[in-house]
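Please keep the sequence and the model in view while reading.

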Amino acid sequence: MKLDQLKVIVTGAGRGMGAHFATRLHEAGARVAAADIDEAALAQLPAGIDRRRLDVSKEADVVDFVRWAAGAMGGLNALVNNAGILRDGLLVKRDKKTGEVKKMPISDWEAVIGVNLTGATLMVREVVANMLEREDRPGVIVNISSISRHGNRGQSNYVAAKAALAANTVTWAREFAPYGIRATAIAPGMIETPMTQGMNQAARDALVANIPSGRIGVPEDIWQAVRFCLECDYANARTYDVDGGLSM
Ligand code: NAP
C-alpha cells in the first residue's frame, strides 16, 4: 500500500518510536490517528495528526478510540500496534546479602500482559472489525514485538507478551487473509528511546560490543522496517528482526 493512501492508527505515539512513526507517516502524506496514555505527550506531535488519549489495556476505551479514529480520518486501513511497557525483574531471586527469596509481583506480570498483549490484541480486534464493517480494504497491521521474544533474563512478563504477539501475527495473517488484510511484525533490538534511557553506561558498552552493527539502534532504523511492512503487499505473517545483528 502507498503511504499517502493510509488511514493509520499508531498506538504509544506520545514518545519514543511511536512518536517517530506517527511523524514520518504524517510527513509521507498518510492520515494518522495517534493514541497514547499520556495526553500531554500527544500534544507535542506535529499539527495535522489526529490524536486522543487511550489506554490500550481498557476494552471499552479501545472500542471508542477505534470508532473515533475511523470517523476522524474518514476510514481506517492500517494499524501500527506499538504501545508497550516494561516491568523488568527476575521471576524468583535470592538476595545475596540477606538470603531472602523475592518473587515477581503478580501486578508486574499483569501490567505488562495487560498492555503489551491484551492491549495489542484488543487493538487488532477492533481495527479489523472496523475494516470489515466499513469495507475498508486492503488493510495492514504492523505489530511491534521484540527480539526478547526468544527469551531474556529478567523479562518473563515482557517475553511472554512479545512472543505471543509474534505467534499471533501468524494466526491473524491466516485469519484475515480472506478479507485482504495482512498482519506483520517487527522485532526491534535495543533502540534509543525513553524506554531504554535508564540503562547504565557499563551495561550499554557491554551490549554494543555484542552488536555486529556496532551501535544501539535509533527509531529511524525501525521506521524503515515499519515502512517496508506497510508498503510491501507480499510481506505477511512474518516477524522481522531489526536489531543490528544482536540476536544472532
Ligand atoms: P517508550 O519510549 O516507552 O514509548 C512507549 C509509549 O507507549 C509511551 O508514550 C507510553 O506512555 C505509551 N504507553 C504506555 N502504556 C500505554 C497504554 N496502556 N496505552 C497507550 N499507550 C501507552 O517505548 P519505545 O522504546 O518507543 O517502545 C515502543 C515499542 O517498541 C514497545 O512496544 C516496546 O516494547 C517495543 N520495543 C522497544 C525496544 C527498545 O529498545 N526501545 C526494543 C524492542 C521492542 P508513557 O510514557 O506515559 O508510559
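Ser145 sits in the loop that joins strand 7 to helix 5, where helices (DSSP runs of H or I, at least four residues) and strands (runs of E, at least two) are numbered from the N terminus. The model is a predicted one, in which local features need pLDDT of at least 70 and side-chain atom pairs count only at pLDDT 80 or more, whereas totals for chains, interfaces and linings use all residues. Residues are numbered from 1 along each chain as its sequence is written, and side-chain values use heavy atoms, with hydrogens and water left out.

With a relative accessible area of 2%, Ser145 is buried, a term that means under 20% relative accessible area, as against exposed at over 50% and partly exposed in between (1.4 Å probe, protein chains only). Its side chain reaches the backbone oxygen of Lys162 at 2.9 Å.

Gln155 is found in the loop between strand 7 (139-144) and helix 5 (156-176), and Gln155 is buried, with a relative accessible area of 8%. The side chain of Gln155 makes a polar contact with that of Asp88 at 3.2 Å, a polar contact being a pair of N or O atoms within 3.5 Å, of which, within protein, one must be able to donate a hydrogen and the other to accept it, while residues adjacent in sequence count only if both atoms are side-chain atoms. Not counting residues up to four places away in sequence, Gln155 touches Leu86, Asp88, Gly89 and Ser148. Val208, by contrast, is 53 residues from Gln155 along the chain, and their C-alpha atoms are separated by 20 Å.

Turning to the whole chain, its secondary structure comes to seven helices and nine strands. Its radius of gyration of 18 Å agrees with the value near 18 Å for a compact globule of 248 residues, where the radius is taken over C-alpha atoms and the globule rule is 2.2 Å times the number of residues to the power 0.38. The C-alpha trace spans about 60 × 40 × 35 Å along its principal axes, and 47% of the 248 residues count as buried. Among contacts between residues at least 6 apart in sequence, 69% join residues at least 24 apart.

Key: Contact = heavy atoms within 4.5 Å.
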